[in-house]
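Please look over the structure below and keep it in view as you read. The report takes up charged pairs, helices and pockets in turn.

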Amino acid sequence: MNILLTPELEQFIQSQVESGNYTSPEEVIIAGIRLLEERERIYKGRFEELRGEMALGVEASERGEVVDGETFLSQLQKRKGWMPGFFEEVIGGWVGEPLVREPQGEYETREQMF
């Protein structure tokens with residue numbers, strides 16, 4: 001298999017070899033592919049976890065076990081170990097022009113997740 005790389009990528013690969021972190025360009029590329037494989041595995045796991053949490057949430061909602069948004073965010077913050085004020089700093093921290101959501105147009109129907 002032949003792969004064409006941009007000059008910037010070639011330079012990066014060469015700098016990794018010259019730094020002594022890798023012994024050859026092939027080793028740099030293999031390391032990059034392994035990282036991509038690991039990232040994909042992690043994303044798949046997170047997606048499956050989210051799917052399970054959504055199913056639990058739907059079941060709880062059908063039983064009438066619902067909470068308001070503020071309570072939900074507080075519970076999520078505690079469960080994930082996020083510092084106090086996380087949502088205010090990250091989500092509410094936009095400075096600049098107002099965020100505008102353009103019209104979305106028609107939607108497509110997709111298969112159900114659960």
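## Glutamate 40 and its partner

Glutamate 40 is partly exposed, with a relative accessible area of 42%. Here, buried means under 20% relative accessible area, exposed means over 50%, and partly exposed lies in between (1.4 Å probe, protein chains only). Glutamate 40 forms a salt bridge with arginine 39, and their closest N and O atoms are 3.8 Å apart. A salt bridge is a side-chain nitrogen of Lys or Arg within 4 Å of a carboxyl oxygen of Asp or Glu. Arginine 39 is partly exposed too, at 41%.

This is a predicted model: local features need pLDDT of at least 70, side-chain atom pairs count only at pLDDT 80 or more, and totals for chains, interfaces and linings use all residues. Residues are numbered from 1 along each chain as its sequence is written, and side-chain values use heavy atoms, with hydrogens and water left out.

## The other salt bridges

How many salt bridges does a search of the whole structure find? The search finds three. Side chains of opposite charge can pair when their charged atoms come close.

Arginine 41 and glutamate 38 form one of them, at 2.5 Å from N to O. These two are three residues apart in helix α2 (residues 25-62), so about one helical turn separates them. An α-helix has 3.6 residues a turn, so residues three or four places apart point the same way. Is arginine 41 buried or exposed? Arginine 41 counts as exposed, at 52% relative accessibility. Glutamate 38 counts as partly exposed, at 35%.

Glutamate 65 and arginine 63 also meet in a salt bridge, at 2.9 Å from N to O. Arginine 63 counts as exposed, at 53% relative accessibility. Glutamate 65 is partly exposed, with a relative accessible area of 48%.

## Helices along the chain

The chain has four helices and zero strands. From the N terminus on, its elements run α-α-α-α. Helices (H or I, at least four residues) and strands (E, at least two) are DSSP runs, numbered from the N terminus.

Take α2 in detail. It has 38 residues and reaches 56 Å from its first C-alpha to its last, close to the 56 Å expected at 1.5 Å a residue. The expected span is 1.5 Å times one less than the number of residues. Helix α3 has 12 residues and reaches 16 Å, close to the 16 Å expected. Glycine 64 follows α2, and its phi is positive, near 85 degrees. Glycine 81 follows α3, again with a positive phi, near 75 degrees.

## Buried and exposed residues

Buried residues make up 10% of the 114 residues in the chain. In α2, which residues are buried? They are Val28, Ala31, Ala55 and Ala60. What covers them includes α1.

Glutamate 26 counts as exposed, at 51% relative accessibility.

Now for contacts, meaning heavy atoms within 4.5 Å. Among contacts in the chain between residues at least 6 apart in sequence, 29% join residues at least 24 apart.

On a 1 Å grid over the protein atoms alone, a pocket is an open set of points where a 1.4 Å probe fits, with protein on both sides within 12 Å along at least five of seven lines; lining residues have an atom within 4 Å of a point. Grid points are joined across faces, edges and corners, and a volume is the space filled by probe spheres set on the points.

The largest pocket holds about 440 Å³ of space. It is lined by 14 residues, and Glu53, Gly57, Phe72, Gln75 and Arg79 lie nearest its centre. The elements giving two or more residues to this lining are α2 and α3 (69-80). The largest share, seven residues, comes from α2. By class, the lining has eight nonpolar, three polar and three charged residues. Ala, Val, Leu, Ile, Met, Phe, Trp, Tyr, Cys and Pro count as nonpolar, Asp, Glu, Lys and Arg as charged, and the others, Gly among them, as polar.

The second largest pocket has a volume of about 250 Å³. Of its 13 lining residues, Ile13, Val28, Ile29, Gly32 and Ile33 lie nearest its centre. Here the elements giving two or more residues are α1 (7-18) and α2. The largest share, six residues, comes from α2. This lining has 11 nonpolar, two polar and no charged residues.
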